[in-house]
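Subject: Structure for you to look at

Hello,

Here is the structure I said I would pass on. My notes on it follow below.

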Amino acid sequence: MKKNILSLLIILQAFSCKEKKEELNLTKGLYIANVTIISTEDGNYDPYVGHLVVEKDKIIYIDRKEPSISGIFEKLDGTGKFIVPGLIDSHVHITEVQGMLPHHMEKYPELTKEFNEQMPKSYLYYGFTTLINLGGISEEQIASFNLQPIKPDLYHTGNSGASVANGYPMNFAPEQYRFEAAPNFIFMESEADNIPVKFDPANHTPKAVVDRIKNSGAIAVKSYYESGFRGMSKLPVPTKRIMNELLDESHSNGLVLTVHGNSLEAHSFLAEVGVDVLAHGLWNWEKYKDVPVDSLPLEIRKTLDLQIQKQIGYTPTLTVIAGEEALAEDTFLNQPELTKVVPKKLLEWYKTEEGQWFAKDLFSEYNAEEVHEIYGNIQAHAMLALKYLSDNNALILFGTDTPSAPTYGNQPGHNGYWELKLMEEAGVPLNKILSSATINNAKVFHLDSSIGSLNKGKKANIVLLSKNPLKEIEAYNTIEKIIIGGKLTKREDLEAKK
Ligand SMILES: [Zn+2]
């Protein structure tokens, strides 16, 4: 008898749900009707045609059933179109002008100003509605980015990375400024003689540094394991004790520890420690650098296996390699797509003798063919590692490292689309590429309560495309509209001025 009443109740409830249409009274609404919704919470996609309603900056309704709406709202007919959550790039640097050093920026304030005004729009142009700045950023830089009329949501890792004293990337700054320029450097006993005495070691312990980073409003701590590249002398790297302390302190402050590293030595060290995120892929195969491009040495596989087992976030950043290689390519700057995201005058400056400075620095002793051979080999290894990880259920995070060096080869937004294409070329399936740029990044960086998927209560960061990104990678270049915090923008309105 009890059971009968219960089933009757369930039937009645189901019936009343059907009868009662949800009533939405909007004051500043957006209604996207009849659109194919592509979103996931767990990596499995089950696209369906449905309806999504935004009120102010939040998603308040998402369902197969048509909602009943009243009040003030804009309606978009999504028939034949697709929506995905706004894309998240978890490795960018918005503090530089691509292809320039500080002295160039000083010499050309107009170019710098135009670039900084266009840059947030360029990210949005390719659907990137959230950026995580993985390096030093000042309060002024954050404020000036946020003053732009339309921009992605910006998260950061504080005033400077947690680099060990005199290690990467502090080593790039002249000795007399480098400590001031990296206020969150870590004191290391082996470097004691090379640290000016005015810096109190007590202010540069992992705990003191992570506390400062936390207080600056950061969501993550960026650290580095880099012993040097391109003929640099051997750089100091963190000890296991330091990296473990950084990890513990980050976690006790609710922060994520993401670490630069792209060599076998770095990846195996960081996998052993069990950091949260590897900010780059494993492409520097060291003693295995000359193995055939289709063979994965056992030692490398074991490191990748450990990363898979510990579910460490792996950020391929394949455009680091491609964006440097691009400097050897005469045709790179002539791509029509670049005119949509790079101000015209800056694009012209890149083509001048002065604008070619980094290309000359890197490649004056090589011809284009030699450059492609060297970089092609490194990229093939990077892709092979990524394919192995993807095939074996690693936690892949989308990140570009835009720009990874003072190269004009990594342009805002454009570089993200390029990275997506390279991931596909490496053999990562389209569903995994989309989740890497949405829910995976959101979860790992603790942002999933507000972004990363299309769900009731989440922030309305949405991309509307005319093609299906689970069917073809080029769909990411068929964006029609971008919704950021409920604000609807047409893609063409984000283009750089001609
Ligand atoms: Zn970086």
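Donors here are N, O and S atoms within 2.8 Å of the metal; water is not among the atoms, so sites may look incomplete. Please keep in mind that this is a predicted model.

Zinc site

The zinc ion has His91 (NE2), His93 (NE2) and Asp401 (OD) as its protein donors, at 2.1 to 2.3 Å. Along the chain these donors follow the spacing H-x1-H-x307-D. Histidine 93 lies in the loop between strand E6 (87–92) and helix H2 (102–107), while aspartate 401 lies in the loop between strand E13 (395–396) and helix H14 (414–426), so this pair ties together parts that are 308 residues apart in sequence. Both histidine 93 and aspartate 401 are buried.

Cis peptides

The loop between E13 and H14 also holds proline 403. The bond joining threonine 402 to proline 403 is a cis peptide bond, with omega about -15 degrees. Another cis peptide bond runs from tyrosine 168 to proline 169, where omega is near -5 degrees. Proline 169 has its place in the loop between strand E8 (153–156) and H5.

Positive phi

Asparagine 166 is likewise found in the loop between E8 and H5. Its phi is positive, about 70 degrees, although asparagine 166 is not a glycine. With a relative accessible area of 9%, asparagine 166 counts as buried, because the cut-off for buried is under 20%.

Glutamine 311 is another residue other than glycine with a positive phi, in this case near 50 degrees. It sits in the loop between helix H9 (298–309) and strand E12 (313–314). The relative accessible area of glutamine 311 is 38%, so this residue is partly exposed.

Helix packing

Which helices does H7 pack against? One is H6, and another is H8.

For H6 and H7, the angle is about 35 degrees and the axes are 9 Å apart. The crossing of H6 past H7 is right-handed. On the H6 side, the contact is made by Pro206, Lys207 and Val210; on the H7 side, by Ile242, Glu245, Leu246, Glu249 and Ser250. Sorted by class, the residues of this contact are four nonpolar, one polar and three charged.

Helix H7 (residues 240–252) and helix H8 (residues 264–273) pack at an angle of about 50 degrees, and their axes lie 10 Å apart. That angle makes H7 oblique to H8. Here too the crossing is right-handed. Lys240, Met243, Asn244 and Leu247 of H7 meet Phe269, Leu270, Glu272 and Val273 of H8. The contact of H7 with H8 comprises five nonpolar residues, one polar and two charged.

Phenylalanine 199

Phenylalanine 199 lies in the loop between helix H5 (175–181) and helix H6 (206–215). Is this residue buried or exposed? Phenylalanine 199 is buried, since its relative accessible area is 17% and the cut-off for buried is under 20%. Apart from neighbours within four places in sequence, phenylalanine 199 is in contact with Phe179, Glu180, Phe185 and His204.

Regards

Terms used. Residues are numbered from 1 along each chain as its sequence is written. This is a predicted model: local features need pLDDT of at least 70, side-chain atom pairs count only at pLDDT 80 or more; totals for chains, interfaces and linings use all residues. Side-chain values use heavy atoms; hydrogens and water are left out. Donors are N, O and S atoms within 2.8 Å of the metal (3.2 Å for Na, K and Ca); water is not among the atoms, so sites may look incomplete. Helices (H or I, at least four residues) and strands (E, at least two) are DSSP runs, numbered from the N terminus. Buried means under 20% relative accessible area, exposed over 50%, partly exposed in between (1.4 Å probe, protein chains only). Axes are lines fitted to C-alpha atoms, for helices over the stretch in contact, and angles run from 0 to 180 degrees between N-to-C directions. Angles under 35 degrees count as roughly parallel, over 145 as roughly antiparallel, 65 to 115 as roughly perpendicular and the rest as oblique. A crossing is left-handed if the near helix is turned anticlockwise from the far one by less than a right angle, and right-handed if clockwise. Contact means heavy atoms within 4.5 Å. Ala, Val, Leu, Ile, Met, Phe, Trp, Tyr, Cys and Pro count as nonpolar, Asp, Glu, Lys and Arg as charged, and the others, Gly among them, as polar.
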